[in-house]
Amino acid sequence: MFPSAWVGMPMNCTNCEAVIVAKVAAAESVIVPESVRQDQSSEIPTIAPTMTDSVSFQLPSTELISSATRRYQQPRAGRPKWLVPAATLLGVGIGGTNIFTAAFFIREFGMSLAQAGLVTGVSLGIAGLAGTFVGGYLADRFAGARGRSYILLPGIGAGLAGVFFLLAFTQEAWIAAVVFVVAANFATDLKNGTLQAAIQNMSPPHMRATTAAFSMFGITLFGTAAGPLVVGAASDRGAAATFAAGSGAYETICQVKAIAPGMVEACRAASAQGMQTGLVIVSVAYFAAMILFFVAAFLQRTPLSDS
(Lines give C-alpha, C1' and ligand atoms only; values in the text may rest on other atoms or scores of the structure.)
Protein backbone atom coordinates (compact mmCIF):
# COMPACT_ATOMS: atom_id res chain seq x y z
CA MET A 1 0.00 0.00 0.00
CA PHE A 2 1.27 3.49 -0.90
CA PRO A 3 1.85 5.98 1.95
CA SER A 4 -0.44 8.95 2.37
CA ALA A 5 2.30 11.27 1.06
CA TRP A 6 1.79 9.85 -2.45
CA VAL A 7 -1.95 10.45 -2.51
CA GLY A 8 -3.00 12.97 -5.17
CA MET A 9 0.46 13.14 -6.75
CA PRO A 10 0.43 13.30 -10.59
CA MET A 11 2.49 10.70 -12.39
CA ASN A 12 4.66 13.25 -14.26
CA CYS A 13 5.26 15.91 -11.57
CA THR A 14 8.62 17.67 -11.60
CA ASN A 15 8.84 18.64 -7.91
CA CYS A 16 7.51 15.50 -6.31
CA GLU A 17 10.27 15.34 -3.74
CA ALA A 18 9.61 18.82 -2.37
CA VAL A 19 5.88 18.18 -2.11
CA ILE A 20 6.47 14.86 -0.36
CA VAL A 21 8.81 16.49 2.16
CA ALA A 22 6.17 19.13 2.94
CA LYS A 23 3.48 16.49 3.42
CA VAL A 24 5.68 14.32 5.58
CA ALA A 25 6.56 17.32 7.77
CA ALA A 26 2.89 18.14 8.17
CA ALA A 27 2.07 14.54 8.99
CA GLU A 28 4.78 14.32 11.62
CA SER A 29 3.26 17.27 13.46
CA VAL A 30 0.05 15.24 14.11
CA ILE A 31 0.03 13.19 17.27
CA VAL A 32 -0.49 9.55 16.29
CA PRO A 33 -0.70 6.68 18.78
CA GLU A 34 2.42 4.55 19.06
CA SER A 35 0.62 1.40 17.96
CA VAL A 36 -0.65 3.04 14.79
CA ARG A 37 2.81 4.39 13.92
CA GLN A 38 4.34 0.94 14.34
CA ASP A 39 1.72 -0.62 12.03
CA GLN A 40 2.17 2.02 9.36
CA SER A 41 5.96 2.03 9.47
CA SER A 42 6.09 -1.42 7.95
CA GLU A 43 3.98 -0.35 4.99
CA ILE A 44 6.11 2.67 3.94
CA PRO A 45 8.35 1.84 0.94
CA THR A 46 12.06 2.01 1.53
CA ILE A 47 12.37 4.72 -1.15
CA ALA A 48 10.62 7.35 0.95
CA PRO A 49 13.47 8.01 3.37
CA THR A 50 15.89 8.25 0.45
CA MET A 51 13.71 10.82 -1.30
CA THR A 52 13.27 12.75 1.90
CA ASP A 53 16.97 12.86 2.59
CA SER A 54 17.74 14.12 -0.93
CA VAL A 55 15.90 17.42 -0.36
CA SER A 56 17.23 19.87 2.20
CA PHE A 57 16.33 23.46 3.04
CA GLN A 58 19.27 25.30 4.64
CA LEU A 59 18.86 28.77 6.18
CA PRO A 60 21.74 31.29 6.16
CA SER A 61 24.08 30.77 9.04
CA THR A 62 24.20 33.17 11.97
CA GLU A 63 27.80 34.06 11.12
CA LEU A 64 26.83 35.02 7.57
CA ILE A 65 23.99 37.25 8.79
CA SER A 66 26.25 38.94 11.37
CA SER A 67 28.90 39.59 8.75
CA ALA A 68 26.40 41.22 6.40
CA THR A 69 25.04 43.36 9.22
CA ARG A 70 28.51 44.55 10.20
CA ARG A 71 29.26 45.36 6.57
CA TYR A 72 26.10 47.43 6.27
CA GLN A 73 26.70 49.31 9.51
CA GLN A 74 30.44 49.88 9.01
CA PRO A 75 31.28 53.56 8.38
CA ARG A 76 32.94 54.53 5.16
CA ALA A 77 36.74 54.34 5.10
CA GLY A 78 36.88 57.94 3.88
CA ARG A 79 35.43 59.34 7.11
CA PRO A 80 32.83 61.78 5.75
CA LYS A 81 33.02 63.68 9.06
CA TRP A 82 35.95 65.62 7.58
CA LEU A 83 33.73 67.02 4.84
CA VAL A 84 31.40 68.83 7.22
CA PRO A 85 34.04 71.11 8.86
CA ALA A 86 35.72 71.57 5.48
CA ALA A 87 32.43 72.68 3.92
CA THR A 88 31.74 74.91 6.94
CA LEU A 89 35.06 76.74 6.59
CA LEU A 90 34.45 77.08 2.88
CA GLY A 91 31.08 78.63 3.72
CA VAL A 92 32.79 81.12 6.04
CA GLY A 93 34.99 82.32 3.20
CA ILE A 94 32.21 82.38 0.61
CA GLY A 95 29.77 84.15 2.93
CA GLY A 96 32.25 86.87 3.83
CA THR A 97 33.62 87.57 0.37
CA ASN A 98 30.30 87.38 -1.47
CA ILE A 99 28.52 89.80 0.84
CA PHE A 100 31.21 92.48 0.98
CA THR A 101 32.86 92.36 -2.45
CA ALA A 102 30.54 95.06 -3.79
CA ALA A 103 31.22 97.24 -0.74
CA PHE A 104 34.95 96.79 -1.30
CA PHE A 105 34.77 98.10 -4.87
CA ILE A 106 32.64 101.04 -3.76
CA ARG A 107 34.95 102.06 -0.91
CA GLU A 108 38.28 101.24 -2.53
CA PHE A 109 37.72 102.38 -6.13
CA GLY A 110 34.73 104.71 -5.81
CA MET A 111 32.42 102.61 -7.99
CA SER A 112 28.72 103.26 -8.08
CA LEU A 113 26.23 100.69 -6.86
CA ALA A 114 25.39 99.75 -10.46
CA GLN A 115 29.03 99.20 -11.35
CA ALA A 116 29.75 97.17 -8.23
CA GLY A 117 26.61 95.14 -8.82
CA LEU A 118 27.71 94.39 -12.38
CA VAL A 119 31.06 93.11 -11.12
CA THR A 120 29.52 90.84 -8.50
CA GLY A 121 26.80 89.67 -10.89
CA VAL A 122 29.30 88.61 -13.55
CA SER A 123 31.62 86.95 -11.06
CA LEU A 124 28.95 85.13 -9.09
CA GLY A 125 26.65 84.34 -12.00
CA ILE A 126 28.58 83.66 -15.18
CA ALA A 127 31.92 82.67 -13.65
CA GLY A 128 30.20 80.65 -10.93
CA LEU A 129 28.07 78.75 -13.43
CA ALA A 130 31.13 77.94 -15.52
CA GLY A 131 32.98 76.73 -12.43
CA THR A 132 30.10 74.44 -11.51
CA PHE A 133 30.12 72.63 -14.87
CA VAL A 134 33.91 72.50 -15.15
CA GLY A 135 34.21 71.10 -11.63
CA GLY A 136 31.64 68.40 -12.30
CA TYR A 137 33.26 67.37 -15.57
CA LEU A 138 36.78 67.20 -14.13
CA ALA A 139 35.64 65.24 -11.08
CA ASP A 140 33.89 62.64 -13.23
CA ARG A 141 36.79 62.50 -15.67
CA PHE A 142 39.44 61.79 -13.04
CA ALA A 143 37.36 59.98 -10.42
CA GLY A 144 39.34 56.75 -10.61
CA ALA A 145 38.46 53.73 -8.50
CA ARG A 146 38.05 55.62 -5.22
CA GLY A 147 36.51 58.87 -6.42
CA ARG A 148 39.02 61.12 -4.70
CA SER A 149 38.59 63.78 -7.37
CA TYR A 150 35.17 64.59 -5.92
CA ILE A 151 36.95 65.69 -2.73
CA LEU A 152 40.10 67.13 -4.26
CA LEU A 153 38.26 69.51 -6.61
CA PRO A 154 36.58 71.44 -3.77
CA GLY A 155 39.96 71.58 -1.98
CA ILE A 156 41.78 72.82 -5.07
CA GLY A 157 39.03 75.34 -5.73
CA ALA A 158 39.20 76.58 -2.14
CA GLY A 159 42.96 77.06 -2.34
CA LEU A 160 42.76 78.89 -5.66
CA ALA A 161 39.92 81.06 -4.39
CA GLY A 162 41.98 82.07 -1.36
CA VAL A 163 44.90 83.08 -3.57
CA PHE A 164 42.73 84.99 -6.06
CA PHE A 165 40.77 86.82 -3.37
CA LEU A 166 43.95 87.88 -1.59
CA LEU A 167 45.29 89.21 -4.88
CA ALA A 168 42.00 90.96 -5.69
CA PHE A 169 41.74 92.73 -2.34
CA THR A 170 45.30 94.05 -2.47
CA GLN A 171 45.27 95.51 -6.00
CA GLU A 172 45.61 99.21 -6.72
CA ALA A 173 43.93 99.02 -10.14
CA TRP A 174 40.26 98.13 -10.28
CA ILE A 175 40.59 96.18 -13.54
CA ALA A 176 43.05 93.74 -12.00
CA ALA A 177 40.85 93.43 -8.92
CA VAL A 178 37.83 92.57 -11.08
CA VAL A 179 39.78 89.90 -12.99
CA PHE A 180 40.93 88.23 -9.78
CA VAL A 181 37.45 88.36 -8.24
CA VAL A 182 35.97 86.66 -11.33
CA ALA A 183 38.69 83.98 -11.17
CA ALA A 184 38.10 83.50 -7.45
CA ASN A 185 34.36 82.94 -7.84
CA PHE A 186 35.03 80.49 -10.68
CA ALA A 187 37.30 78.56 -8.32
CA THR A 188 34.87 78.53 -5.38
CA ASP A 189 32.08 77.07 -7.50
CA LEU A 190 34.16 74.10 -8.55
CA LYS A 191 32.68 72.56 -5.41
CA ASN A 192 28.98 72.93 -6.25
CA GLY A 193 28.42 69.51 -7.79
CA THR A 194 31.53 67.72 -6.59
CA LEU A 195 30.97 68.34 -2.88
CA GLN A 196 27.50 66.80 -2.94
CA ALA A 197 28.82 63.84 -4.92
CA ALA A 198 31.62 63.36 -2.38
CA ILE A 199 29.13 63.36 0.49
CA GLN A 200 27.06 60.67 -1.20
CA ASN A 201 30.10 58.57 -2.08
CA MET A 202 31.67 58.66 1.38
CA SER A 203 28.54 58.21 3.50
CA PRO A 204 26.93 54.86 4.40
CA PRO A 205 23.77 54.21 2.37
CA HIS A 206 21.56 54.68 5.43
CA MET A 207 23.13 58.07 6.35
CA ARG A 208 23.56 59.88 3.03
CA ALA A 209 20.63 62.24 3.49
CA THR A 210 21.63 62.97 7.10
CA THR A 211 25.23 63.74 6.13
CA ALA A 212 24.06 66.06 3.35
CA ALA A 213 21.77 67.81 5.82
CA PHE A 214 24.60 68.31 8.32
CA SER A 215 26.80 69.66 5.54
CA MET A 216 24.18 72.21 4.48
CA PHE A 217 23.54 73.05 8.14
CA GLY A 218 27.23 73.80 8.66
CA ILE A 219 27.59 75.81 5.46
CA THR A 220 24.46 77.87 6.07
CA LEU A 221 24.35 78.46 9.82
CA PHE A 222 28.01 78.52 10.81
CA GLY A 223 29.54 79.33 7.44
CA THR A 224 27.38 81.88 5.66
CA ALA A 225 26.35 83.49 8.95
CA ALA A 226 29.84 83.67 10.45
CA GLY A 227 31.62 84.95 7.33
CA PRO A 228 29.89 88.36 7.13
CA LEU A 229 30.21 88.74 10.90
CA VAL A 230 33.99 88.22 10.72
CA VAL A 231 34.37 90.71 7.87
CA GLY A 232 32.16 93.34 9.50
CA ALA A 233 33.88 93.17 12.89
CA ALA A 234 37.38 93.18 11.37
CA SER A 235 36.42 96.03 9.03
CA ASP A 236 35.19 98.25 11.87
CA ARG A 237 38.25 97.56 13.98
CA GLY A 238 40.62 98.06 11.07
CA ALA A 239 39.00 101.33 10.07
CA ALA A 240 39.11 102.64 13.64
CA ALA A 241 42.76 101.64 14.02
CA THR A 242 43.70 103.32 10.74
CA PHE A 243 41.74 106.50 11.44
CA ALA A 244 42.96 106.86 15.02
CA ALA A 245 46.53 107.42 13.80
CA GLY A 246 46.03 111.17 13.59
CA SER A 247 42.44 112.33 13.44
CA GLY A 248 40.61 111.21 16.56
CA ALA A 249 37.89 108.64 17.12
CA TYR A 250 36.55 107.03 13.97
CA GLU A 251 33.12 106.28 15.46
CA THR A 252 32.37 109.85 16.50
CA ILE A 253 33.66 111.53 13.34
CA CYS A 254 32.96 109.13 10.47
CA GLN A 255 30.02 107.01 11.60
CA VAL A 256 27.56 109.90 11.64
CA LYS A 257 24.95 111.16 9.20
CA ALA A 258 26.85 114.33 8.27
CA ILE A 259 30.63 114.08 8.08
CA ALA A 260 32.60 117.29 8.37
CA PRO A 261 33.80 118.46 4.94
CA GLY A 262 37.45 118.25 5.86
CA MET A 263 37.15 114.67 7.12
CA VAL A 264 35.36 113.02 4.19
CA GLU A 265 38.49 111.78 2.46
CA ALA A 266 40.08 110.58 5.70
CA CYS A 267 36.92 108.66 6.60
CA ARG A 268 36.72 107.14 3.13
CA ALA A 269 40.32 105.97 3.25
CA ALA A 270 39.91 104.48 6.72
CA SER A 271 36.70 102.73 5.70
CA ALA A 272 38.34 101.26 2.59
CA GLN A 273 41.35 100.09 4.61
CA GLY A 274 39.10 98.46 7.19
CA MET A 275 37.11 96.65 4.53
CA GLN A 276 40.29 95.41 2.90
CA THR A 277 41.52 94.11 6.26
CA GLY A 278 38.29 92.23 6.94
CA LEU A 279 38.23 90.60 3.50
CA VAL A 280 41.87 89.54 3.73
CA ILE A 281 41.25 87.93 7.13
CA VAL A 282 38.19 85.97 6.01
CA SER A 283 40.05 84.75 2.91
CA VAL A 284 42.25 82.65 5.22
CA ALA A 285 39.23 80.37 5.76
CA TYR A 286 39.64 79.13 2.18
CA PHE A 287 43.09 77.74 2.98
CA ALA A 288 41.84 76.03 6.14
CA ALA A 289 39.04 74.42 4.11
CA MET A 290 41.56 73.29 1.50
CA ILE A 291 43.61 71.45 4.14
CA LEU A 292 40.57 69.59 5.48
CA PHE A 293 39.45 68.63 1.98
CA PHE A 294 42.90 67.19 1.27
CA VAL A 295 42.80 65.21 4.53
CA ALA A 296 39.40 63.80 3.58
CA ALA A 297 40.70 62.86 0.12
CA PHE A 298 43.70 61.08 1.62
CA LEU A 299 41.45 59.04 3.91
CA GLN A 300 39.08 58.06 1.11
CA ARG A 301 40.20 54.49 0.31
CA THR A 302 36.94 52.70 -0.34
CA PRO A 303 36.24 51.90 -4.02
CA LEU A 304 33.16 53.55 -5.49
CA SER A 305 31.81 50.14 -6.46
CA ASP A 306 31.35 49.38 -2.74
CA SER A 307 29.12 52.40 -2.18
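Guide: A polar contact here is a pair of N or O atoms within 3.5 Å, and within protein one of them must be able to donate a hydrogen and the other to accept it. The model is a predicted one, and in it the side chain of Thr194 reaches the backbone oxygen of Leu190 at 2.9 Å. Thr194 sits in helix H9, which spans residues 191-202, and with a relative accessible area of 1% Thr194 is buried. Leaving aside residues up to four places away in sequence, Thr194 touches Gly135, Gly136, Ala139, Tyr150, Leu153 and Pro154.

From there one can turn to the nonpolar packing. The largest nonpolar core has 43 residues, and those touching the most other members are Leu83, Leu90, Phe105, Ile151, Leu279 and Phe293. Helices giving two or more residues to this core include H5 (83-109), H6 (113-141), H7 and H9, while the largest share, 10 residues, comes from H12. Ile151, again not counting residues up to four places away in sequence, is in contact with Leu83, Ala198, Met202, Phe293, Ala296, Ala297 and Gln300. A second, separate core of 7 residues includes Ala240, Phe243, Cys267 and Ala270.

On the surface, Leu152, Ile156, Leu160 and Phe294 form a nonpolar patch with about 290 Å² of accessible area together. Helix H7 (residues 149-168) gives the most to this patch, with 3 residues, whereas Phe294 lies in helix H12 (residues 264-299) and is partly exposed, its relative accessible area being 33%.

Notes. Residues are numbered from 1 along each chain as its sequence is written. This is a predicted model: local features need pLDDT of at least 70, side-chain atom pairs count only at pLDDT 80 or more; totals for chains, interfaces and linings use all residues. Side-chain values use heavy atoms; hydrogens and water are left out. Patches are made of residues with over 30% relative accessible area and no salt bridge: like charges are joined within 9 Å, nonpolar side chains (Val, Leu, Ile, Met, Phe, Trp, Tyr) within 5 Å. Accessible areas come from the Shrake-Rupley method with a 1.4 Å probe; for residues, only the protein chains shown count as cover. A salt bridge is a side-chain nitrogen of Lys or Arg within 4 Å of a carboxyl oxygen of Asp or Glu. Helices (H or I, at least four residues) and strands (E, at least two) are DSSP runs, numbered from the N terminus. Buried means under 20% relative accessible area, exposed over 50%, partly exposed in between (1.4 Å probe, protein chains only). Contact means heavy atoms within 4.5 Å. A nonpolar core is a set of buried Ala, Val, Leu, Ile, Met, Phe, Trp, Tyr and Cys residues joined through side-chain atoms within 4.5 Å.
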